[in-house]
Amino acid sequence: MALKYSIANSSVRIVMQATAQAGKAVQQVKEYDLYLDIDFDALKFSGKVRIDMSSTGDISLDAVDLEVTVVRANGRSVPFEQHGNVVDIQTGQFSGPLEVDYRGKVSESLTGFYKAPYGDKYVLTTHFEAGHARRLLPCIDHPAYKADFKLTVRTRNDLSVISNMPVESEKKEGNKKTVTFQKTPKMSTYLLYLGIGRFEEDKDRHNKTELYTASVVKPDGRIKTDLAFEAAQKSLEFYEKYFGIPYDLPKLHLIAIPEFAYGAMENWGAITFREILLHADKDTSTSTKKSIAEVIAHEIAHMWFGDLVTMKWWDDLWLNESFATFMAYKVVDWAYPQWKIWQDFVKNSTGGAMARDALKSTHPIEAKVRSPEEIEELFDEISYGKGASVLRMIESYVGPDKFQKGVSSYLKQFRYSNAAGRDLWNHLQQASGVDVSRVMEEWISKVGYPVVKASLSQGKLVLEQERFLLSGSRERQTWPIPVSIMVDGKTQQLLLDKEKAEVRVSNPKSVKVNVERTGFYRVDYRGGELQSLVWASKLSGLDRYGLANDAWAFLCSGNMSWKEYQSLLERFSNEEEFLPAFEVSERLTTLFQIAPRKIVDLSRNYHKSQLSILERKKDENSSLLKGTVAVRLALLDDAYAREAGSKFKNLSTIEPDMKRAAIVGHARSSNDYDGLIEWYNKSTTDEDRLRYLEGLASFKRPDLVRKVQDWAMAGNVKRQDIGRGLLQFATANPDAHAVTWEWFKDNVEKLDKMYEGTATLSAYMRAYISIIGVGRVGEVEKLFSEHKLAGADATLERLKIHDRLAKEITKA
Ligand SMILES: [Zn+2]
């Protein structure tokens, strides 16, 4: 599953619901033969499932919101009882076919078998991860209970039906048809897929695999899937070679779902996506194109890692997700080298996780879960980003060839079966001869991460570690850190597993620790001599990014003064590399948001100089960054806002990455509320809607922003775009902070309800209320004491860090 663009990570709540087999008889399943008669118009269905299974005693099946009518064991009717989400069937010891007849309704939520509307039409589609297959069929809904699935669907004649496998036969009778699909290989219940509706398909292939994209036809036309096909072909080609195992099914569908809580979902052979992640045309921005390639590669990685080999239980879900996250970047780096995508990985996955994991209110990658809220809170930057970063660190430590060998032999051993994290460590260990288990076990079980303090003393480089916390407090703790050191251009590795280690260096001319930012730790260089040796090194863009990013963390934690940080920024004033230039832009933007008057000149100068550097460049990353820089400049410089806004009337002719700046510039210089609302309503793609929403949140007049917020909450904006969208854009606009805080207070109950059962609101609060709350810490504390909100602790912790920093800067 991909979190990108998600509104909800709630699927994991199921971990708390005891699955039917727990503590009961030993049950085994071989095959489900499922027949569904679906009334598309009345939104209901009747089902018959024939389960080939055995049990040492009475059988228990999972079933949610299904009405079971008859159960037959070996052809004879047997007594059963439905209580809660379980069907108990009195079979005694049993082996053979168990047949269950039942009825159900299409789900109202966005999980199970649900209705995804577009205009006045809809498709029916499934989303089963983690435990929602039981909403369509009685089953043992547990990832380790793998079985073959045979599916037959009867429904309206004029609709297409899509499932994991190709159609085996189709029979028409009157206005109905019956579609039977080929039997799947052995797989987990959460990967089963069914979609019904007026899907239009495009077709292509990769070697023997038939590739399809499916999307609904809307008045404004079909989505354009050329890039999606290309990314899928590249992904399949890469993984088949890397894993040494061909893609297993005869076909693969990429399906665009008009209403989808998640970014994407890896149903085997029938992957579902948000529309924005399959559609690319001439107006698509570089960052959306990157997301398309990355998310498709992520989901296709799951066809092996997740689908072919599945975790034993959901507490290893982080491994599935970390691995798919990590592999996706490998594919994109190979298929689209011009994007230098590892820079995005380090910025988004590693950087995001490091910011989160330096709070006291963090959690280990692998955490035992006690309450449903806790599980939701686990699906965040730590599970995806830190996990993936630790895998990258391990790959760099054992070497990419051995890492690949270990992964491939792991997949071959456990295909069509289940495994746990330690099985993968064992294979990596066998392939490399390195003690991977020890390193991994410590990294996944401990909270937080280290800072390595480096100093020079009598011909030695001294390395010491302790836990890094943004609060500035110190904690003695050690990790086994694979540390990379570059001395005079030569790189060496050591495992720093104690508090302190020394490396002999004789008269070095240059020194750099954590080369290419492969390690999940920060480096604090002590002493002027060592610092000049660092800057004397040949530093890559990743290295320069690392220095800037660590400095920012030290500024926040109080280990670096504002004056020192400012003088470090001077080294980046004419930065030519994408990643460090982006990093400095991000930090100046955060600083502008928390202390606008004090930072406005510094930020303006930097962004103006970046704009002129980027205007000379033609590559896609420069174009992406130029678009971001222009938006930021429009928010702090009225003259530039007018200049950018003057292009608004010719929006269709502007390059895609510059459209946001033209819209924001127009909003800043015109207060054109009605016009922007009209453009918003006329938009036909999600990306355009977000662009206009950004304009609407960027007005100089706070009363207009508040008007937009109320308009949005009245159902005029998709739920998914309120937090990561409206609130995000208003945070970027300091003129709107006071009204946005009032709006948040007025709507806190409604927002909590809107994102109920998900970790979404807490993620938004961490990112945005921690900024908007600067200067009003007491008020935020008061609100959080009156309303119990998940994730309030981390928000307050981050807010206090920003508030302290704002005070330091304002005093200076
Ligand atoms: Zn995933």
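Residues are numbered from 1 along each chain as its sequence is written, and side-chain values rest on heavy atoms, with hydrogens and water left out. Since the model is predicted, local features need pLDDT of at least 70 and side-chain atom pairs count only at pLDDT 80 or more, whereas totals for chains, interfaces and linings use all residues.

Helices and strands are DSSP runs numbered from the N terminus (helices H or I, at least four residues; strands E, at least two). Helix axes are lines fitted to C-alpha atoms over the stretch in contact, with angles running from 0 to 180 degrees between N-to-C directions. Helix α13 (residues 578–594) packs against helix α14 (residues 596–615) at an angle of about 155°, their axes lying 8 Å apart, and the two helices are therefore roughly antiparallel; in this scheme angles under 35 degrees count as roughly parallel, over 145 as roughly antiparallel, 65 to 115 as roughly perpendicular and the rest as oblique. The crossing of α13 and α14 is left-handed, a term that applies if the near helix is turned anticlockwise from the far one by less than a right angle, with right-handed used if the turn is clockwise. The contact (heavy atoms within 4.5 Å) includes Val584, Leu588 and Phe592 of α13, together with Ile599, Leu602 and Tyr606 of α14. By class, this contact holds 12 nonpolar, six polar and no charged residues, where Ala, Val, Leu, Ile, Met, Phe, Trp, Tyr, Cys and Pro count as nonpolar, Asp, Glu, Lys and Arg as charged, and the others, Gly among them, as polar.

For helix α23 (residues 760–772) and helix α25 (residues 792–811), the axes come within 8 Å and cross at roughly 20°, which makes α23 roughly parallel to α25. The crossing of this pair is right-handed, and the residues that meet include Met765, Arg766 and Ile769 from α23 and Thr795, Arg798 and Leu799 from α25. Their contact comprises six nonpolar, four polar and two charged residues.

Helix α8 (residues 421–432) and helix α9 (residues 436–445) pack at an angle of about 145°, with 8 Å between their axes, and α8 passes α9 in a right-handed crossing. Among the residues that meet are Trp425 and Leu428 in α8 and Met440 and Ile444 in α9, and the contact as a whole has five nonpolar, four polar and two charged residues.

Grid points are joined across faces, edges and corners, and a volume is the space filled by probe spheres set on the points. The largest pocket has a volume of about 640 Å³; of its 30 lining residues, Asp281, Asp283, Thr684, Thr685 and Asp688 are the closest to its centre. Helix α19 (686–696) is one of the elements that give two or more residues to this lining, and α19 supplies the largest share, six residues. The lining of the largest pocket divides into six nonpolar, eight polar and 16 charged residues.

Nine cavities of 30 Å³ or more are found in the whole structure.

Conventions
On a 1 Å grid over the protein atoms alone, a cavity is a set of points where a 1.4 Å probe fits but cannot get out, and a pocket is an open set with protein on both sides within 12 Å along at least five of seven lines; lining residues have an atom within 4 Å of a point.
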